[in-house]
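Me: I have a model open and want to learn how to read it. Where do we start?

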Amino acid sequence: MTDVTSADLATIYAMPTARVIAKARPEIDIHARKFIEMSPFCVLATSGLDGSVDASPRGGHPGFVRVEGPSELLMPDRPGNNRIDSFKNIVEGTGLLQMIFFVPGFDETLRVGGRGTLTTEPALIAAMEEFGKLPRAVLRIEVSEAYFHCGKALMRSKLWSRDTKVERETFPSISQVIHDQTGLGEPETQTQVEARYKTQL
């Protein structure tokens, strides 16, 4: 089996249409703003100087990522596992990042690319309280590109379909999984995990 090279790609895939190229906008327009304001969840992707790549889920109330203007987004940091892989990549590397925003029930997604910086500016921290708690830091994104993805991937996966919903009991709790993998800590039931998560929001 031969690995595909850059030269091979042109023979495997057709050129994208002018419409597909043109949909990538250099800033947040009215449609992208509305989508972000409805979105309670996104995935943040960053890369380190060593070539490592991190993709991290982020969530909050709809609009938890704030649109400050056509070229600026603000994302509050919420309690997590303290690995801070994304933030290490941003402050130690180029700061380049990509985000994909989801809206429950929508098959389309929104991709935003740009450069990030971290701030602990007190006034900004105070203005981004959520769940009764202040963020520890705020990610400021200087937007360079934004475009919508068609819904084919989510339609194929039937992500929002009730018919394909998997019952939670079919898989161990995250606590049990990590215990099995590491032998560290005492495993919790899924109910206990969910109760702990709620106190940490």
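Reply: Start with the surface. Accessible areas come from the Shrake-Rupley method with a 1.4 Å probe. This model is predicted. Here the accessible surface of the protein chain is about 13,300 Å². Carbon and sulfur atoms hold 57% of that surface.

Me: What share of the residues in the protein chain is buried?

Reply: Buried means under 20% relative accessible area. Of the 201 residues in the protein chain, 30% are buried.

Me: How many helices and strands does the protein chain have?

Reply: The protein chain has eight helices and seven strands. Its C-alpha atoms fill a box of roughly 55 × 50 × 40 Å along the principal axes.

Me: How do I read contacts along the sequence?

Reply: Contact means heavy atoms within 4.5 Å. Take the contacts in the protein chain with a separation of 6 or more: 64% of them link residues 24 or more positions apart.

Me: How many side chains are positive, and how many negative?

Reply: The protein chain has 23 positive and 26 negative side chains. The centres of the two sets lie 4 Å apart.

Me: Now one residue. Where does S56 lie?

Reply: S56 lies in strand β2, which covers residues 53–59.

Me: Why does S56 count as buried?

Reply: The cut-off is under 20% relative accessible area. S56 counts as buried because its relative accessibility is 15%.

Me: Which residues does S56 touch?

Reply: Leave out residues up to four places away in sequence, and S56 touches C42, V43, L44 and S86.

Definitions and conventions. Residues numbered from 1 in each chain as written. Predicted model: local features only at pLDDT ≥ 70, side-chain atom pairs only at ≥ 80, totals over all residues. Heavy atoms only, no water. Helix = DSSP H or I, 4+ residues; strand = E, 2+ residues; numbered from the N terminus. Buried < 20%, exposed > 50% of the residue type's maximum accessible area, 1.4 Å probe, protein only. Lys, Arg positive; Asp, Glu negative; His and termini not counted. Charge placed at Lys NZ, Arg CZ, Asp CG, Glu CD.
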